[in-house]
Amino acid sequence: MVGRTARHYGVMNIFEMADKKLNKNGKNKQKRNVTLRRKLGDLLVEIGLLPPEKLSEALNIQRQSGKRLGQILMEMNFISEDEMAFALAMQLKIPFIDLATYEFQEGVVQCIPEEVSRKFLCIPVALKDNILDVAMADPLDLNMIKDLRFVTGYNIQPAISTPSQIIDALHKYYHPERTLGEVADELGEEELMEFIPEEKVEEEEEETFDAGRNSPFVKMVDLIIKNAIKKGASDVHIEAQENQVRVRNRVDGVLQDSIKLPRWTQPIIISRIKVLGSMDISERRLPQDGRIKVRAKNVSVDLRVSTLPTYYGEKAVIRILNKESSFLSMKDLGFSDQALEYINKFICQPQGMVLITGPTGSGKTSTLYACMREIQSEEVNIVTVEDPVEYELVGINQVQTNEKVGLTFPYVLRAILRQDPNVIMIGEIRDVDTAEIALQSSLTGHLVLSTLHTNDAPSAVTRLIDIGMPPYMISSSVIGVIAQRLVRVICPECKEEYVPEPDMLDRLNLNKKDLPFKFYRGAGCSNCGHSGYRGRTVIEEVMVMGRKIRDLVQANASTDEIRDAAIATGMTTLGVSGLKKIEAGVTTIDEVLRAVQEKAELTTICPYCGKGVSLDFRDCPFCNKTMVPTCESCQRIVQPDWVICPYCRQELEEKG
């Protein structure tokens, strides 16, 4: 409705609105003679906005068509909306305000509610001595001025501005997010994307589809997806809310507002997405899934679409599967040299199971694809079973499960074993049947790669036991577990040194006066969208199933016992890996603490040697220095600045 109002006022300019109002009846003739002493055309010629020959041409057209003079002048591009407003301001002897450059008095816009300002196309600009200056599109609307006086309680001093400038100023103040028009400006004359639904459409539907490519809603969906791909987003959320449609992009794992659209556009946008995803546009009560392939001049991506009915309407989430992600190597993902050495040994084994663990969105699938690319060759038969197939890999046999027809993980795995595979990749171990077949396959001469949802590497063993797998089978088949998280990388363009807040340092048992190394963060710039981060990297812990750990697994040891044994045999925990990335200036404390939440995963930094150690350690195992001060008498933990132990009243030695 906003766009329609702006176009309407752009054609029938505000001067002619005033002229029309004053000509409604004979009672206004005298008022018109006093107020509007000169005709519109004469005034425009007199102030130099319109050449006389252009006026004559417009008057001839007016005699033939009967249209208003102002409408004709604007249709012929002889005069602009701004110039018409300026001419009216001169006639009425009121100020003309250019809102594009005008500096508003602080807080004055709130004097008139947003809905009232949009209804009357006006915006307050200044307040002084009980007089409110209001820029308006129609200063001759006396009823509007009376209403504004009643709403605000101030005397109204009218000024004039163009409707489009008023609308832009209101949107800028109340909704500073980017508009669809601003995103459209970025597209310019670029070629629109070509959307290819999974199921081939009929010829009639293709003709209809091509005919609608110039529709504003087709362009709107195109812009939303193109803008997300341009920003490197992994997901697009289109959410119906009470008064608007919110579009958000997930960039580097964090949702960011992109566009705010009018509420009435929601069903049209969702229907367009459903058509592209070969979904049922008439079904709005149940969730639906679809898939779209997108091709453009320099872009080729797959889109997974999911819709969900919510209170204010359907919500759509579009997962963007950029094929470039499937070509990343293990080194590109950010694994350390030591972790790469372990992983390469895992995937070069002729048989056994390698598990990759972590929460949703931690990059497990990307790591699986990178592993398969490392071992892919003409001599190796690699078969995958996934739900769904996220990236198409050349030379690898990929199978997508389909629960509706009974093509489940266990069913596919049994069939795969008859396909003479060397390597089997299982998208996720979800149930006892899948786990059992996977473990048995790893014992009978196959290398099995799969994922689990656990917090750390040692927990993967206990998760398999909880599913129902016998410990002896786990200890015999699993050769290694990789736990990982993704953290955002500091933008190199705006990287700066800083000192973290005391509460952040306290979580790592660090003193602000004695930091072991320098800390960095991103100040925010145009290259990173003012977030301070650009891209993501992995922090990992790799647990090798050595003899000691195998014995513990068979003895039904707890997760803590397995973790202690893994650390003793050289496993670098997620916390230590994150601290190394902080020390190298790759990421920040905030990112690591956000990704590593479990106490068992958190570590601290020794203030003496700068190495990462467990929070449970009171003494550093590397330099034998006491990290946690204790009372020599009662052995209770004390604060560094205490002079007496509050538990046993023993005086504490001052540390020099």
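Q: What makes strand β5 (residues 235–240) mostly covered?
A: Six of the six residues in β5 are buried, where buried means under 20% relative accessible area (1.4 Å probe, protein chains only). The strand itself is a DSSP run of E with at least two residues, numbered from the N terminus. This is a predicted model, in which local features need pLDDT of at least 70, side-chain atom pairs count only at pLDDT 80 or more, and totals for chains, interfaces and linings use all residues. Residues are numbered from 1 along each chain as its sequence is written, and side-chain values use heavy atoms, without hydrogens and water.

Q: Which residues of β5 point one way and which the other way?
A: Asp 235, His 237 and Glu 239 point one way, while Val 236, Ile 238 and Ala 240 point the other way. In a regular strand the side chains alternate between the two faces of the sheet.

Q: How do you know that β5 pairs with strand β6 (residues 244–251)?
A: Two strands pair if DSSP finds at least two bridges between them; six bridges join β5 to β6, and the two run antiparallel. Ile 238 stands opposite Val 247 in β6. Three residues lie between β5 and β6 in this hairpin.

Q: What joins β5 to strand β10 (residues 313–322)?
A: Four bridges join them, and the strands run antiparallel. The bridge partner of Val 236 in β10 is Ile 318.

Q: Why is Asp 433 called partly exposed?
A: Its relative accessibility is 38%, and partly exposed covers values between the buried limit and the exposed one, which is over 50%. Therefore Asp 433 counts as partly exposed.
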